[in-house]
Amino acid sequence: MSRIAVQEDRCKGCMLCSTVCPVQIIVQSERFNQSGYKVAEVPAEDMEKCTGCTSCALICPDLAIRVYRTPKKKKGDE
Amino acid sequence: MSEMNEKLVFDRPKAVIDRPTHYCPGCHHGVAHRLVGELLEELGVFEDTILVSSIGCSVFLYNYLNVDAVEAPHGRAPAVATGVKAARKDNFVFAYQGDGDLASIGMAEILHAANRGEKISVVFVNNTVYGMTGGQMAPTTLIGQRTTTCPSGRCLEHEGAPIRMTEIIAGLGGTAFAARGSLDNVKNIRQAKKYMRKAFECQTQNKGFGFVELLSACPTNWKMTPVQANERIQTEMIPYFPLGVYKDTDEGGAC
């Protein structure tokens, strides 16, 4: 499973990440961060759809997104 | 168990300092900083880099990139970089300028630095306005675009046409590489990084002057949301400022 981690104190809520997500799981939350921006988030139930493509991180102007990817298990592996 | 195998596949490059930026939401300077930071590491010149920063929104670049820096007077970054390179031939020297800085007050410096074929690299961030001072008309402002100094839109008859810098730079003899990229979507960002790599390599391989223009958004001064501003690059800027390589001496001249 892949996932992203949004560093909420850096996010400025520009939502460019949501425009490039191929599975459209990034949304604007109702939470404000310390600077008064509504941060981007992935709802917990959607996180499993994340493909780990890093598109959101590539376009994020504030480097607020880290992307984690778990390699797929090969066939035959336990 | 899956967490055990998890790999961090994207994190900030070491060259970019972990610190909040002063840029507005949706400003593409942050993306340009990251591309520069990644390339300095990938080319192995991070420890030997001297940055010449300019006046404009990018004035605090020395706070965000973990390299030695010289702050140049308005528009004079290529002239200062020429001097830095002359004094420190073994260092990687690059200038990072906006369009209000490079294309108006700094026009003479950039043209002559390119024409002399100085072994420096220039990253040119074009967002069609003077961002820091409140969105005044720049030489690159598009026809019909409203700014604080042309409130009814730029008029071709009075203010002339927007300057296409990359085409001008590509026409000069000392330029080794000139290209225009855009930062509005993932595909263009990846392509822009390739252009920047080539421009930087012109210096590391001692070929000559490397120049990259990056089309970027200024949502605040365009009076748009970040997402609308991002779309404007595709719909209005790219048709007037076509992307691509305009000069590459490796491939025998202009496009």
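Helices (H or I, at least four residues) and strands (E, at least two) are taken here as DSSP runs, numbered from the N terminus. On that basis chain A has 2 helices and 4 strands, and along the sequence they come in the order β-α-β-β-α-β. The model is a predicted one, in which local features need pLDDT of at least 70 and side-chain atom pairs count only at pLDDT 80 or more, while totals for chains, interfaces and linings use all residues. Side-chain values use heavy atoms, with hydrogens and water left out; residues are numbered from 1 along each chain as its sequence is written, and chains are lettered from A and ligands numbered from 1 in the order in which they are written.

The C-alpha trace of chain A spans about 50 × 25 × 20 Å along its principal axes. Of its 78 residues, 53% are buried, that is, under 20% relative accessible area with a 1.4 Å probe and protein chains only (exposed is over 50%, partly exposed in between). Contact means heavy atoms within 4.5 Å; among contacts in chain A between residues at least 6 apart in sequence, 59% join residues at least 24 apart.

A:Gln7 sits in the loop between β1 (3-6) and α1 (16-20) of chain A and is buried, at a relative accessible area of 19%. Setting aside neighbours within four places in sequence, A:Gln7 touches A:Leu63, A:Ala64 and, across in chain B, B:Asp18. A:Gln24 is 17 residues from A:Gln7 in sequence, and their C-alpha atoms are 19 Å apart.

Chain B puts 32 residues into the contact and chain A 27. On the chain B side, B:Glu6, B:Val9 and B:Phe10 lose the most area, together 22% of what that side buries.

Next come the nonpolar cores, each a set of buried Ala, Val, Leu, Ile, Met, Phe, Trp, Tyr and Cys residues joined through side-chain atoms within 4.5 Å. The largest has 58 residues, and A:Ile4, A:Ile26, B:Leu40, B:Phe94, B:Tyr96 and B:Val123 touch the most other members. Helix α9 (residues 186-204) of chain B gives the most to this core, with 8 residues. Beyond four places in sequence, the contacts of B:Tyr96 include B:His29, B:Val36, B:Leu51, B:Leu61, B:Val123 and B:Val125. A second, separate core of 25 residues has B:Val84, B:Ala95, B:Leu102 and B:Tyr246 among its members.

B:Val84 is also one of the buried residues of α4(B), along with B:Ala77, B:Pro78, B:Ala81, B:Thr82 and B:Lys85. These pack against β2 (49-53), β3 (68-71), β4 (92-98), α6 and α9 of chain B. The axes of α4 (residues 77-87) and α6 (residues 107-116) of chain B come within 7 Å and cross at roughly 40°, so the two helices are oblique to each other. In this contact, B:Pro78, B:Ala79 and B:Thr82 of α4(B) meet B:Glu109, B:Ile110, B:Ala113 and B:Arg116 of α6(B).

Back in a loop, B:Val59 lies between β2 and α3 (61-64) of chain B and is buried, with a relative accessible area of 13%. Sequence neighbours within four places aside, B:Val59 contacts B:Ser53, B:Ser54, B:Glu71 and B:Met132. B:Met132 is 73 residues from B:Val59 in sequence but 9.2 Å away in space, C-alpha to C-alpha.

How values were computed. Axes are lines fitted to C-alpha atoms, for helices over the stretch in contact, and angles run from 0 to 180 degrees between N-to-C directions. Angles under 35 degrees count as roughly parallel, over 145 as roughly antiparallel, 65 to 115 as roughly perpendicular and the rest as oblique. Buried area is the accessible area (1.4 Å probe) that two parts lose on being put together, summed over both.
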